[in-house]
Amino acid sequence: MRTDTGQVFKLEDYRPSDYLIPRTSLDFRLSPDATRVTAVLTVERREGVAASAPLVLDGDGLTLLGVAIDGQPLSQADYQATPDQLTILAPAKQRFELRLETEIAPSSNEALMGLYRSNNVYCTQCEAEGFRRITYFLDRPDILSVYTVRIEAPHNEAPLLLSNGNPVENGVLADGRHYAVWHDPFPKPSYLFALVAGALGKVADSFTTMSGREVALGIYVEPGKERLAGYAMDALKRSMKWDEDAFGREYDLDVFNIVAVSDFNMGAMENKGLNIFNDKYVLADEETATDADFANIEAIIAHEYFHNWTGNRITCRDWFQLCLKEGLTVYRDHEFSADQRSRAVKRIAEVRTLRAHQFPEDQGPLAHPVRPRRYREINNFYTATVYEKGSEVVRMIRTILGPELFRAGMDLYFERHDGEAATIEDFLKVFEDVSGRDLAQFALWYHQAGTPNLTVSSSYNAAARAFTLEIEQSVPPTPSESRKRLMHIPLAFGLVGAGGKPVAWETVDGATVEDGVIHVRKRRHTVRFSGVSERPSVSLNRGFSAPITLSAQQRADDQFFLASHDGDSFSRWQAFNTLLTDALIAAFRHVLGGKEPAFAARLAELAGRIAVDEALEPAYRALALSLPGEADIARDIGKGIDPDAIFAAREMLARTIAAANREVFSALYDSLADKGPFTPDAASAGRRALRNILLDYLSLLPEGAALAARHFNAATNMTDRAAALTVLAHRHASSREAEEALAAFEARYRGDALVLDKWFQIQAGVPGRQTVEKVRALMQHPAFSIANPNRVRSLIGTFSSANQTGFHRADGQGYRFFAETVLEVEKRNPQVAARLATAMRSWRSLETVRQDKARQALLQIANAENLSADLRDIVERTLA
């Protein structure tokens with residue numbers, strides 16, 4: 001485990017390496033405790049680099065067995081070797097062949113980076129810097145190499161031998177061993193290298209590309225689980241077709257393989273031609289997976305496949321450009337899911353995710369630009385800012401340019417930079433070239449941290465038939481950035497009149513207004529619309545055209561009107577969500593001794609109307625009826641957060657809505673029961689989502705526990721079963737019904753680790769001070785393993801990130817438990833520990849007693865001996 005060296009990497013310090021490695025040949029002789037890796041690297045010194053320049057290769061915990069140049073072993077005077085670096089002091093030749101032999105121990109690699117062995121399967125994870133744990137290399141994204149890989153292992157231990165590219169050769173060896181050779185003709189960086197070896201079952205299919213080539217498809221899973229990979233295969237084929245239709249991108253190898261493994265730090269990895277997945281995002285049927293699981297499988301299969309062009313064929317020049325592959329590919333998978341399902345529902349879900357994860361990041365000590373300028377540990381920058389906000393920046397480019405010019409820019413990007421390691425500047429330049437626009441101010445979205453805020457007020461002059469918007473932008477200070485520059489914000493809007501009809505205008509001045517978008521570029525704009533025949537309600541940031549916060553001075557009557565009549569589906573949802581948020585904040589203040597909220601009854605009546613509005617999709621209605629989460633409310637309150645008061649406020653409003661709509665909700669709940677066999681399609685999932693949100697409300701009424709128990713016992717699929725169990729555990733934790741349901745669920749799924757993760761997760765989320773003791777006890781459960789990232793995320797991650805009252809106990813017990821557990825996880829897996837630690841990012845927003853307890857826990861982690869670079873980086877930035 002690498003401990004902190006204090007080294008800070010800066011974007012401004014980037015320079016090309018002195019050497020290139022155009023070809024890499026790897027030979028693996030697999031063994032659990034002593035795998036021998038022979039690397040033969042074709043090395044070239046760049047033109048203009050002095051012959052005396054040393055070749056410095058990265059390593060991480062390696063044992064070097066031999067080093068030779070052009071077949072001649074080097075003397076110890078010719079190189080310097082440590083486990084973390086190999087320096088060839090003065091290779092005199094312009095081009096030479098470097099042969100390296102290293103030995104590694106996959107079975108003891110609990111960090112799950114590099115080559116590791118888990119559940120009898122050899123697997124690799126090389127992004128971001130895992131390849132250096134396999135062999136010494138120029139382990140950086142701008143070193144592109146053509147790989148040929150030979151793998152050798154005992155046949156009975158590893159009958160399957162996979163790597164990147166196309167299969168070239170295989171054969172039988174003496175002593176029960178066998179081998180396979182793979183060749184990837186496309187140059188790639190080392191982080192995309194992959195190897196899998198073991199005994200796995202296979203689901204096979206094929207896909208014919210738009211040029212008529214047939215690609216062999218394979219999904220590899222644990223033997224006996226093949227039937228659970230059918231939906232993933234279907235999603236893969238739909239992804240391949242969609243990328244051809246939407247972006248003109250055709251797959252380029254003869255085979256495409258996916259491997260699902262149970263021990264994996266990430267969701268999945270886009271290695272060229274051999275995607276490796278956490279099995280959570282591959283395995284599914286109605287008995288074991290929820291509708292959300294099916295949707296995630298579809299999206300993540302697509303995301304990793306789309307990386308073939310946005311990440312693999314065109315990769316990043318350096319890790320500062322990470323959003324160039326991740327943010328862009330998230331945008332592409334969002335568009336795919338919107339086309340496969342409901343665009344309106346998908347957009348709301350995306351924004352909820354952004355606000356829940358990225359907005360707090362922007363508002364806290366871990367804030368950083370979409371393209372960071374410096375980092376100490378790159379693994380800690382796989383963040384919501386890079387992924388989700390990065391996607392929103394790409395979406396804004398499409399909004400500004402329009403769909404035709406955006407597609408032309410993407411086509412030019414693929415044509416101009418195929419086979420290269422590119423930068424954000426390269427990406428923006430193609431859009432400037434196809435459109436003729438200057439995107440310099442817009443580029444600040446990549447370079448500047450923080451969530452911009454627009455303050456908007458409006459007025460209407462009936463005599464002059466003029467409507468005016470006063471718009472002011474600001475960006476709050478973030479760590480290392482106190483002074484902010486003005487952004488280019490594309491603000492989609494609509495003027496909504498009587499009956500929800502658009503209100504026309506004759507002329508507009510004060511800002512550039514194009515295709516329903518106000519281009520906010522200055523600190524203040526006074527935008528005047530003339531020829532407006534009636535006072536409109538203004539619908540702002542339609543479709544969430546920019547990732548901003550709005551401080552709109554808007555009457556409640558306008559919000560109620562827009563929640564019923566806005567023609568933009570996102571903005572209609574946003575109006576209702578704003579009303580809910582305002583009511584919850586008012587209820588929070590009431591709990592702390594303020595006056596009683598004013599318009600809860602009117603809001604409850606509107607909720608009832610939305611619930612039964614057949615013009616709206618069931619999935620849309622389910623999202624509309626979902627109250628803002630406790631963390632969302634805390635974010636909007638800002639400072640002095642008391643999680644117990646927020647929880648009480650949320651329960652208060654939920655009970656008001658449930659009581660006011662008892663008959664309406666009950667009748668609708670009954671009508672939505674599944675009438676036929678389970679299908680995972682979006683329409684069916686939407687009906688289940690609406691029925692289950694109604695169950696949540698109805699469970700707050702008398703006999704609610706009995707209703708949830710009937711729902712649980714009658715469930716024919718995991719979506720309904722898990723929803724009912726959550727209601728019982730969270731709303732009626734001490735009831736007989738909850739105890740019986742939790743026991744029945746555990747007994748039914750005792751042998752299925754992924755389903756038991758749901759059981760852990762539900763119990764970790766039970767609100768209240770008692771949950772920390774429950775989580776401690778569950779860590780002793782036979783199915784829990786602190787070495788498995790999925791188990792840790794389901795129990796510890798849920799408790800710390802999604803249980804506001806349990807984690808933020810006023811006496812600090814939640815924080816103390818968390819600090820102890822994070823340090824225990826870190827001994828095995830620093831990456832997982834560092835990601836857990838981000839749960840403390842908003843500690844300064846808490847009231848003073850909890851603040852002090854949280855700080856003590858952070859200091860307990862920071863003061864631990866031999867802290868990994870990953871964890872120390874997060875904790876020190878959080879404390880700064």
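Tutor: N119 sits in the loop that links strand 10 (114-118) to strand 11. Strands here are DSSP runs of E with at least two residues, helices are runs of H or I with at least four, and both are numbered from the N terminus. The phi of N119 is near 50 degrees, a positive value in a residue that is not glycine. This is a predicted model, where local features need pLDDT of at least 70 and side-chain atom pairs count only at pLDDT 80 or more, while totals for chains, interfaces and linings use all residues. Residues are numbered from 1 along each chain as its sequence is written, and side-chain values use heavy atoms, with hydrogens and water left out.

Next, the loop between strand 11 (121-125) and strand 12 (145-154). A128 lies there. The peptide bond joining E127 and A128 is cis, with omega about 5 degrees.

D515 also has a positive phi, near 50 degrees, and is not a glycine. D515 is found in the loop between strand 29 (512-514) and strand 30 (517-520).

Now helix packing. Helix 1 (residues 230-247) packs on helix 3 (residues 322-340) at about 105 degrees, and their axes are 11 Å apart. Axes are lines fitted to C-alpha atoms over the stretch in contact, and angles run from 0 to 180 degrees between N-to-C directions. Helix 1 and helix 3 are therefore roughly perpendicular, the label for 65 to 115 degrees. Helix 1 brings A235, R238, S239, W242, D243 and F247 to the contact, and helix 3 brings Y331, R332, E335, F336, D339 and Q340. Contact means heavy atoms within 4.5 Å. By class, this contact has 5 nonpolar, 2 polar and 5 charged residues. Nonpolar covers Ala, Val, Leu, Ile, Met, Phe, Trp, Tyr, Cys and Pro; charged covers Asp, Glu, Lys and Arg; the others, Gly among them, are polar.

Then helix 12 (residues 618-625) and helix 16 (residues 682-698). Their axes come within 7 Å and cross at roughly 30 degrees. That makes helix 12 roughly parallel to helix 16, the label for angles under 35 degrees. The crossing is left-handed: the near helix is turned anticlockwise from the far one by less than a right angle. From helix 12, P618, A619, R621, A622 and L625 meet G686, R687, A689, L690, I693, L694 and Y697 of helix 16. These residues split into 9 nonpolar, 1 polar and 2 charged.

A cavity is a set of points on a 1 Å grid over the protein atoms alone where a 1.4 Å probe fits but cannot get out, and lining residues have an atom within 4 Å of a point. Points join across faces, edges and corners, and volume is the space filled by probe spheres set on them. The count is 2 cavities of 30 Å³ or more.

Helix 10 has the largest share, with 3. The lining holds 7 nonpolar, no polar and 1 charged residue.

The largest cavity has a volume of about 40 Å³. Its lining is E110, I786, A787, N788, P789, V792, V825, R828, N829 and V832. By class, that gives 6 nonpolar, 2 polar and 2 charged residues.

Terms used:
Parallel < 35°, antiparallel > 145°, perpendicular 65-115°, else oblique. 1 Å grid on protein atoms, 1.4 Å probe; cavity = no way out; pocket = protein on both sides within 12 Å on 5 of 7 lines; lining within 4 Å.
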